[in-house]
Amino acid sequence: MFRRISQFCKQLFDDSPKAEEDTQEGLSLEVVPRKAHSISRRQISENAIKVLYRLHKSGFKAYLVGGGVRDILLGMQPKDFDVVTNATPEEIKRLFRNCRLVGRRFRLAHIVFGRDVIEVATLRGHHVDSGEKISKTNESGRLLRDNVYGSIDEDAERRDFTVNALYYDISDFSIHSYGGGLQDLESRTIRLIGDPETRYREDPVRMLRAVRFATKLDMSIESAAADPIKELAPLLKDIPAARMYEEVLKLFFAGKAAQNYNMMRDFGLFAPLFPLVDTQLNEAPHGPIAKLLQEMMENTDSRIEQEKPVTPAFFYAAMLWYPLTQRSDDIALESGLSLYDAYTAAMGDIMEQQCRSISIPRRFSTVTKDIWQLQLRFERNKGTKAFKFIEHPKFRAAYDLLLLRGEAEGGTVAKNAAWWKSFVEGSEDQRNVIAKSTNKGGRNRNSQRRRRKPSEKAAPKPAE
């Protein structure tokens with residue numbers, strides 16, 4: 001990868017002719033011809049190439065844009081390939097039978113090739129004060145509707161970061177770099193296009209994107225882009241919960257969970273997403289909850305690196321475990337309910353509160369509750385009961401959470417976790433020994449039944 005970056009930088013700063021100019025808004029533009037950059041069509045997905053060529057042959061302008069261009073130049077494998085064009089969504093749909101239009105705030109076309117989806121957007125234009133397609137903003141400056149179409153220059157001025165304002169033109173294979181995007185790739189800098197505060201107010205999720213790109217690309221956030229984040233972080237509370245769910249997946253399930261978590265805490269971006277958790281972290285910054293979350297983030301990254309499966313259900317079960325136990329204790333104290341009933345009521349409360357900021361699909365929230373419920377059974381199901389318990393379909397996830405709790409809390413929980421670890425990792429013979437030794441000395445359930453006294457025996461029936 002470093003060899004590719006070195007080649008890219010050499011090509012970038014050689015003496016090959018490059019056209020440089022400014023857009024009407026003063027954003028610098030550099031056009032790099034094919035012979036002066038390292039991108040080859042062989043590095044672009046076959047389906048993306050099909051889309052680009054069909055748009056081009058139909059008389060439309062078509063560009064590969066953003067992360068696909070950026071990652072290839074950095075020697076990375078792009079996760080997906082996005083296309084922009086001057087064709088409207090309706091015109092795109094007429095060109096591709098396998099097209100579906102999605103979105104209201106941003107009208108997009110998805111070209112479907114089996115499991116591969118190429119996202120095609122129409123070039124965005126500037127906001128205007130009147131007209132049929134007007135971008136709608138709320139009183140804080142956040143964009144509500146944004147279907148305003150324009151030229152490639154206008155589209156670049158509307159993008160968030162310079163490293164994403166890179167366009168690969170299929171007509172002549174040149175790269176259009178806006179705002180010094182290529183130079184920022186070389187200097188490893190995340191820089192916003194335009195005034196940072198204005199851009200963050202337009203779309204507060206850009207603050208999360210700045211963090212995510214900094215960790216993903218091993219770059220630093222320019223000071224002008226980093227300075228307003230703490231003050232503007234509360235704007236994330238206004239983002240729809242469904243959109244925040246998707247952002248959480250990108251932040252914590254791409255191999256950079258630990259780095260993103262720590263950076264989000266530093267910038268104040270964690271609190272709007274997980275208010276219940278953040279409150280407890282502030283109360284006990286070095287307590288069990290902090291230890292568990294750090295360990296969980298690192299374990300998630302490790303599993304992704306090893307290409308092992310990860311699931312949002314376990315992520316939320318671990319993330320919200322301590323808010324759950326605190327709420328359970330409060331309910332039991334206030335209402336006098338039993339531990340189990342208070343625990344069950346608390347699960348619904350915690351999940352409902354979390355879903356106000358992040359909309360967790362039911363297919364995951366249901367499993368999260370299963371993992372929580374099983375935590376109560378680990379102490380009661382030792383001994384011979386353990387054989388049946390480990391057959392539960394959610395046992396493994398619940399067991400993993402128990403191990404994290406043991407490391408974070410120590411004491412009784414750690415002893416419980418150690419017993420289960422020896423049982424789970426033991427052979428069949430070892431499990432039998434462990435189970436019997438646990439039961440040894442304990443009274444048999446039948447022996448605990450109260451025996452009848454002689455006087456309590458039923459009197460014999462009188463002789464007939």
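In which strand does Thr122 lie? In this predicted model, Thr122 belongs to strand β7, which spans residues 116-122. With a relative accessibility of 2%, Thr122 falls under the 20% limit and therefore counts as buried. A polar atom of the Thr122 side chain is found 2.8 Å from the backbone oxygen of Ala87. Ala87 is also one of the residues that Thr122 touches once residues up to four places away in sequence are set aside; the others are Thr85, Asn86, Thr88, Pro89, Ile92, Tyr149 and Asp155.

The protein chain contains 23 helices and 13 strands. It has 464 residues, and 46% of them count as buried. Among contacts between residues at least 6 apart in sequence, 67% join residues at least 24 apart. The accessible surface of the chain comes to about 24,500 Å², and carbon and sulfur atoms account for 48% of that area.

The largest nonpolar core has 121 residues, and the members that touch the most others are Phe252, Leu269, Phe274, Phe315, Met319, Trp372 and Trp420. Another core, made of 15 residues, lies apart from it and includes Leu29, Leu108, Tyr167 and Ile193. For Leu269, leaving out neighbours within four places in sequence, the contacts are Met207, Leu208, Val211, Ile229, Ala233, Leu236 and Met264.

Helix α11 runs through residues 241-252, twelve in number, and its first and last C-alpha atoms are 16 Å apart, close to the 16 Å expected at 1.5 Å a residue. Its buried residues are Ala241, Met244, Tyr245, Glu247, Val248, Leu251 and Phe252. An α-helix makes one turn every 3.6 residues, so residues three or four places apart point the same way. The partners against which the buried residues of α11 pack are α8 (205-216), α12 (257-267), α13 (270-273), α15 (288-305), α16 (312-319) and α19 (362-375). In α16, one of these partners, eight of its eight residues are buried. They are Pro312, Ala313, Phe314, Phe315, Tyr316, Ala317, Ala318 and Met319. At the start of α16, the backbone nitrogen of Ala313 has a side-chain oxygen of Thr311 within 3.2 Å.

Because Phe161 sits in the loop between α5 (152-158) and β10 (166-169) while Phe213 sits in helix α8, the pair ties together parts that are 52 residues apart in sequence. Phe161 is buried at a relative accessible area of 0%, and Phe213 is buried at 5%.

The rings of Phe395 and Tyr399 also have their centres 5.8 Å apart, but their planes make an angle of 10 degrees, so the pair is stacked. Both residues lie in helix α21 (residues 395-409), where they are four residues apart, about one turn of the helix. Phe395 counts as buried at 5% relative accessibility, and Tyr399 is buried at 1%. Phe395 and Tyr399 belong to an aromatic cluster together with Phe378, Phe387, Phe389, Trp419, Trp420 and Phe423.

Technical notes: Residues numbered from 1 in each chain as written. Predicted model: local features only at pLDDT ≥ 70, side-chain atom pairs only at ≥ 80, totals over all residues. Heavy atoms only, no water. Helix = DSSP H or I, 4+ residues; strand = E, 2+ residues; numbered from the N terminus. Expected span 1.5 Å × (residues − 1). Buried < 20%, exposed > 50% of the residue type's maximum accessible area, 1.4 Å probe, protein only. Contact = heavy atoms within 4.5 Å. Core = buried A, V, L, I, M, F, W, Y, C linked by side-chain atoms within 4.5 Å. Polar contact = N/O pair within 3.5 Å; in protein donor to acceptor, adjacent residues only side chain to side chain. Areas by Shrake-Rupley, 256 points an atom, 1.4 Å probe, with all protein chains shown as cover. Phe/Tyr/Trp six-rings, centres within 6.5 Å; stacked < 30°, edge-to-face > 60°.
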